[in-house]
Amino acid sequence: NNTINITNTFKKITACLGYEDYHMALRTLEENLADSGDRISGDEEELEAVVDTSDIVTKVESLIDEEEEEASTSADADSSGGELRINLAVELALCTLYSDEAKLDVEDPASGEREERCMILYSESRQLQLALNMLPDGGKKIKMKLWDIRVEDTDQSVMELGVQRILSHKQLANEEAEFVTKLQGTASAIPVRRAITLDLPQPMMLVEVDMNKAGDMAVTSKMNETHLVVSWGFINNIITFFTVSPYKTEAPPVDDVTVAITNNATTPDSDTATPDTTPATTTTSTLQVTLAVNNPELVFLSNHTNWKTQALLLRTGVEVKLNQRGDQTVLQVKVERVTMFICQYFFRLSSIYLLLKPCDIIMLYSKTEGEKENVDLNISDLIFNISPESLNVM
């Protein structure tokens, strides 16, 4: 068997995307696709003539039969053929999103140059590894490893006095907390330190996809030691960036859409048409999804524009398993040792208050053909420690 290997390593990839640039490109693409659709739909009489031409239909059917025979022969030949392996690696990937609404003189962290645009997101991805295997039997295997990813909220109100780091590894978050603790009383704002290299025992994110020729798919995903700060303002900025267009789009006329659908749905006359009594053959594929989130930290800030803010800190472990085959679905969700704390965010390593003692949550959902949906939810004892301070933070 022959095996083809394709390997490449990118030292650094930098992407800068502006709000207006993104939507201009999206609008241009949509308009071009719409124009191509208009060119395809011609005059009604011409379409009917093409549909009613039995000779063309006969030739097309014969061509389809020939292509199916060739595809079957080719599949048999490929089963004894070689394997294609593609391995890509990116040592450092930088991504910046800009909002063109506010024109501010800021420094671009990717290039070091100052531009009159307002950043809303900056991210760094380190040691990204992607492997794709095309197997001789028609199956595919995809594996992705991401060792370190960091996301920052670069809104101007946050950059001055707030908490910028949104997503990072717990090791980096703890090192920054220790750094802030040493500066206590000597700093009015906390600068984000980007020149920190982590020696991690395992990747932050791992995704594996296994597909066979029959359509069965198994997806496994793991996230390790993730520190996530939930900022609703940041989430709203990102959603607005990708979903709210600065351009007004007009819906196509209803008549045009109706004509296109009517023409394409042209069928032979009822006198000559014969009903198709051949039973439809359906293939039942299997989908298996496994998601594991190991030792994450989820942080809810009282005020993300102030680095001295109070926070709710949630620590837990999550495991999700989904099995789906035809109309049968089984979903199991385990949330183990859910623990909640109250703390001053950057001083959480030295001073922290227990709000919720460890508890477990298990949810089981099942659905089978012809039966009702079943949901079982089990929650262990919930024990809260309530204080005026905790109520103020919540």
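This is a predicted model: local features need pLDDT of at least 70, side-chain atom pairs count only at pLDDT 80 or more; totals for chains, interfaces and linings use all residues.
**Notebook: cores, rings and strands**

I started with surface: the protein exposes about 25,000 Å², and carbon and sulfur atoms supply 53% of it. Those areas come from the Shrake-Rupley method with a 1.4 Å probe, and for residues only the protein chains shown count as cover. Residues are numbered from 1 along each chain as its sequence is written, and side-chain values use heavy atoms, with hydrogens and water left out.

Next I looked up burial. Buried residues make up 28% of the 394 residues (buried is under 20% relative accessible area, exposed over 50%, partly exposed in between; 1.4 Å probe, protein chains only).

Then secondary structure. I get 8 helices and 17 strands, taken as DSSP runs numbered from the N terminus (helices H or I, at least four residues; strands E, at least two). Strand S12 (residues 286-294) pairs with S10 (residues 217-224) in the parallel sense over 8 bridges, and with S14 (residues 310-325) in the antiparallel sense over 8 bridges. Pairing here needs at least two DSSP bridges between the strands.

I went into the cores (sets of buried Ala, Val, Leu, Ile, Met, Phe, Trp, Tyr and Cys joined through side-chain atoms within 4.5 Å). The largest has 14 residues, and Ile 120 and Phe 234 are among those touching the most other members. S7 (140-153) is one of the elements giving two or more residues to this core, and its share, 4 residues, is the largest. A second, separate core of 13 residues includes Val 163, Leu 301, Cys 343 and Phe 346.

Last, the rings. I found 7 aromatic pairs in the whole structure (centres within 6.5 Å; planes under 30 degrees apart are stacked, over 60 edge-to-face, the rest tilted). Tyr 345 and Phe 346 have ring centres 4.9 Å apart and planes at 65°, so I logged them as edge-to-face. Tyr 345 is buried at 4% relative accessibility, and Phe 346 is buried at 8%. Arg 348 lies over the face of Tyr 345, 4.6 Å from the ring centre. The charged end of Arg 315 sits over Phe 341, 5.1 Å from its ring centre. For such a charge, NZ of Lys or CZ of Arg must be within 6 Å of the ring centre and within 35 degrees of the ring normal.

Note on methods. Rings of Phe, Tyr and Trp (its six-membered ring) pair if their centres lie within 6.5 Å; planes under 30 degrees apart count as stacked, over 60 as edge-to-face and the rest as tilted.
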